[in-house]
Amino acid sequence: MKYNAIGTRENVKIIDTSKSQGIQIDIMEYQKLLGATSYDQAMQLEFMEKQGVRTRQVVVYLENNSVKTEAGALCYMQGNLEMVSGVTAGNFIGRALTGKVTGESMAQPEYKGTGMIVLEPTQDHYMVLELQKGEEIIVDKGMFNCAQGGVEVKAVAQKNISSAFLGGEGIFQMSIKGPGLVVLECGVPMCEIDIIELENDTLKVDGNFAVLRTANIDFTVEKSAKSLLGSAMSGEGLVNVYRGTGQVWLAPTLKIYRQLSSTYYSLYSNIATSIQTRR
């Protein structure tokens with residue numbers, strides 16, 4: 001069976017391709033969105049284009065293999081594929097409770113067989129990783145997009161009270177364990193990620209912009225100085241601390257994007273309130 005050559009369209013470019021046995025994952029990027037039907041839409045699209053804001057989609061090709069995705073991520077699929085939810089009568093309650101406390105979906109649909117799966121478009125950025133057998137990473141909630149069927153994805157609790165309640169990452173994060181390809185969704189591009197290599201070392205971070213760490217790295221929250229007074233005087237207070245041997249991925253510019261989104265939301269709310277008041 002032949003599939004639509006999505007990447008050959010005039011306004012679409014394949015920016016990343018990853019292959020493993022029986023699976024290929026393409027990240028496609030729309031260079032332009034050409035469907036504006038009003039002046040307002042055209043103005044917004046022109047601004048997005050000039051600022052480099054692009055729309056992206058994940059395309060998965062399977063050959064007698066499987067892929068699991070975040071719930072609701074499917075756009076369309078073609079071929080001899082079967083979808084299973086992963087939820088059974090035996091694990092329904094456990095998954096429901098886990099989904100409640102983590103904010104993640106209780107089920108990750110899995111698609112098996114031979115065919116093409118296209119996931120929903122987004123303006124976030126994608127990271128494609130290949131995990132070896134037994135290799136495990138911990139990522140922020142909401143980053144998981146899809147993974148090869150052999151990859152294990154589950155919620156894990158923070159190992160200590162300080163990281164659970166003071167680290168800004170929540171009580172639970174997502175554990176992803178290989179082998180297989182994994183696609184993560186992130187608010188910053190890979191070129192703005194600092195990969196810090198630790199070898200029996202310590203990394204202290206002022207803020208919750210560590211988006212990924214290898215599972216053998218310990219995460220705690222501690223005072224920035226030896227005393228409470230020293231921490232207060234330094235202006236830093238508490239810091240997130242990572243210890244051990246492995247990697248920590250930092251996204252320092254994530255704070256800027258969060259501030260921009262917050263500013264835009266406040267401005268939009270004020271304008272909407274002003275219009276309602278005038279009416």
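The paragraphs below lead from the chain as a whole to its strands, an aromatic pair, one asparagine and the cysteines.

The structure is a predicted model, in which local features need pLDDT of at least 70 and side-chain atom pairs count only at pLDDT 80 or more, while totals for chains, interfaces and linings use all residues. Residues are numbered from 1 along each chain as its sequence is written, and side-chain values use heavy atoms, with hydrogens and water left out.

The chain has 5 helices and 15 strands, where helices (H or I, at least four residues) and strands (E, at least two) are DSSP runs numbered from the N terminus. Of its 279 residues, 39% count as buried, a term that stands for under 20% relative accessible area, with exposed meaning over 50% and partly exposed in between (1.4 Å probe, protein chains only). Among the contacts with a separation of 6 or more, 79% come from residues 24 or more positions apart, a contact being heavy atoms within 4.5 Å.

The structure holds 1 aromatic pair. Phe219 and Tyr242 form this pair, which is stacked, at 4.9 Å centre to centre and 5° between the planes; rings of Phe, Tyr and Trp (its six-membered ring) pair if their centres lie within 6.5 Å, and planes under 30 degrees apart count as stacked, over 60 as edge-to-face and the rest as tilted. The pair links distant parts of the chain, with Phe219 in strand 14 (residues 218-223) and Tyr242 in strand 15, 23 residues apart. Phe219 is buried at a relative accessible area of 4%, and Tyr242 is buried at 1%.

Strand 15 (residues 238-250) also contains Asn240, which is buried with a relative accessible area of 5%. The side chain of Asn240 reaches the backbone oxygen of Gly207 at 3.2 Å.

The cysteines come last. A disulfide is a covalent bond between the sulfur atoms of two cysteines. With the cut-off set at a pair of cysteine sulfur atoms within 2.5 Å, the count comes to 0 disulfides. Cys75 is partly exposed at 36% relative accessibility, whereas Cys191 is exposed at 70%.

Conventions
Polar contact = N/O pair within 3.5 Å; in protein donor to acceptor, adjacent residues only side chain to side chain.
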